[in-house]
Amino acid sequence: MLDYIVVGFGISGLSLSKALSNKNRSFIIVSDASQKATLAAGGLVNPVMLKTGKLVWNINEFLPYAKQFYASFEVNAFSEYPIHRIFNSVEEQNNHLALANVINQEYVSTELVSAYNGIHAPFKMSKVNGGGVISIQKIVNHEMDRLKQLEQFVFSTFDYAKLNMHSDHVEYDGLKAKHIIFSEGFGIVNNPFFQKLSIQGNKGEYLIIQLKSLQLKAILKNKYFLIPLGDDLYKYGATYNRNEFDNQPSTVARDELQFHLNKMLTSEYTIVDQVAGIRPTVSDKKPIYGTHSKYKNVHVFNGMGSRGLLLAPLLANELINQLEDQLPLKKEIDIKRFKHL
Ligand SMILES: Cc1cc2nc3c(=O)[nH]c(=O)nc-3n(C[C@H](O)[C@H](O)[C@H](O)COP(=O)(O)OP(=O)(O)OC[C@H]3O[C@@H](n4cnc5c(N)ncnc54)[C@H](O)[C@@H]3O)c2cc1C
């Protein structure tokens with residue numbers, strides 16, 4: 001009998017697979033490609049909420065863990081870059097400086113950075129340290145291939161009607177396992193065991209552009225982020241839309257993104273692609289992990305919102321430590337904060 005079946009292989013499933021491997025637990029991943037949040041993600045890890053200047057919740061715990069996690073793959077995945085917010089006025093500059101003087105200076109610098117060539121930033125830019133870009137798509141694809149070779153990955157859509165519960169294990173399509181963890185991202189809306197968790201979708205879109213003149217070694221933000229991907233390619237985005245739940249790029253988002261990109265860049269660029277995905281979000285803006293209140297072998301790992309790359313690695317480890325060694329979960333994230341039956 002297997003120890004675990006994990007359903008879904010975005011950053012949530014990937015983080016669970018790593019935590020299980022670290023504990024020498026046997027598992028099989030069942031995943032399709034119906035959801036694309038991780039594949040669309042910009043790869044951004046940012047310790048600061050740039051609008052308010054405040055540090056991200058529990059950043060000193062999440063960031064070092066995430067960096068160590070991404071460094072553990074064969075693919076070279078993390079590029080550390082400064083993050084610059086472009087100011088629109090002297091008032092914004094002053095507000096930033098007032099905050100920067102009181103906030104953790106490991107992350108938020110008091111330095112005002114002048115515009116780079118090709119960038120429109122007459123009021124200069126702020127500087128955040130410690131963040132960067134993860135080549136998450138490379139890691140997911142690499143790990144998927146590796147797990148397929150080890151016969152630990154089944155590419156298929158999970159059929160919930162085929163799951164049978166027993167007192168000490170579950171059975172699915174010929175597989176027996178002590179536990180099953182659902183990490184389907186926004187696909188959880190089809191999961192009958194967690195219907196009442198009311199995870200909401202928030203569609204995001206990026207433009208991928210080619211920009212030959214810039215050679216940027218930083219992440220820039222006006223309304224949206226400009227993120228270097230290497231080889232003169234950049235992502236610009238991402239939009240937020242709570243009313244559409246398909247993974248198709250839209251002309252509305254393209255127009256919105258182009259409008260703000262044209263304000264940021266004074267150099268020529270070419271749009272080479274546009275990508276979309278649905279962020280799985282929760283009303284209190286925190287992820288959800290833990291065990292079903294009726295079925296003790298059935299667990300959930302979801303609701304990563306707009307910071308899945310930062311949060312999922314550590315939280316997956318906590319969930320597995322809870323299931324294996326009864327270590328406590330974070331109360332703010334525990335599924336117990338919701339009634340789900
Ligand atoms: C456009 C965009 C940009 C973003 N940028 C960033 C960023 O820069 N940094 C950051 O930290 N976060 C970012 N996010 C948020 C981040 O992408 C999400 O928090 C995270 O990817 C969610 O991961 P997940 O594994 O829970 O879901 P997903 O990535 O959606 O993965 C779920 C997986 O489960 C599979 N699945 C679903 N249903 C089934 C089923 N029934 N059977 C089998 N498989 C199933 C799906 O096909 C998919 O493979 C962004 C999100 C979007 C949409």
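**Questions on a predicted model**

Me: What is the relative accessible area of Asp325?
Reply: Buried means under 20% relative accessible area, exposed over 50%, and partly exposed in between (1.4 Å probe, protein chains only). Asp325 counts as partly exposed, because its relative accessible area is 38%.

Me: What kind of model is this, and how are its residues numbered?
Reply: This is a predicted model: local features need pLDDT of at least 70, side-chain atom pairs count only at pLDDT 80 or more, and totals for chains, interfaces and linings use all residues. Side-chain values use heavy atoms, without hydrogens or water, and along each chain, as its sequence is written, residues are numbered from 1.

Me: Which helix holds Asp325?
Reply: Helices (H or I, at least four residues) and strands (E, at least two) are DSSP runs, numbered from the N terminus. Asp325 touches Lys23 and Ile320, leaving out residues up to four places away in sequence; contact means heavy atoms within 4.5 Å. Asp325 belongs to residues 308-325, which form helix H7.

Me: How many salt bridges does the structure hold?
Reply: A salt bridge is a side-chain nitrogen of Lys or Arg within 4 Å of a carboxyl oxygen of Asp or Glu. Glu61 and Lys330 form one, at 3.1 Å, N to O. That pair links distant parts of the chain, 269 residues apart. The count for the structure is 15.

Me: Why are Glu143 and Arg146 about one helical turn apart?
Reply: Their side chains meet in a salt bridge of 2.9 Å, N to O. Glu143 is buried at 6%, whereas Arg146 is partly exposed at 30%. Both sit in helix H5 (residues 136-149), and they are separated by about one turn because their spacing is 3 residues.

Me: Which side chain of opposite charge is nearest to Arg279?
Reply: Lys and Arg count as positive, Asp and Glu as negative; His and the chain ends are not counted. Arg279 lies in strand E17 (residues 270-281). Arg279 is buried yet has no salt bridge. At 9.1 Å, the nearest side chain of opposite charge is Glu205.

Me: Which strands are at the edges of the open sheet of 6 strands?
Reply: Two strands pair if DSSP finds at least two bridges between them. The order is E7-E14-E15-E16-E13-E17, with mixed pairing. Each edge strand pairs on one side only, and these are E7 (83-85) and E17.

Me: How far apart are the C-alpha centres of domain 1 and domain 2?
Reply: Domain bounds come from an automatic or database domain assignment. Across the two, 17 residues of domain 1 contact 13 residues of domain 2. Their C-alpha centres are separated by 31 Å.
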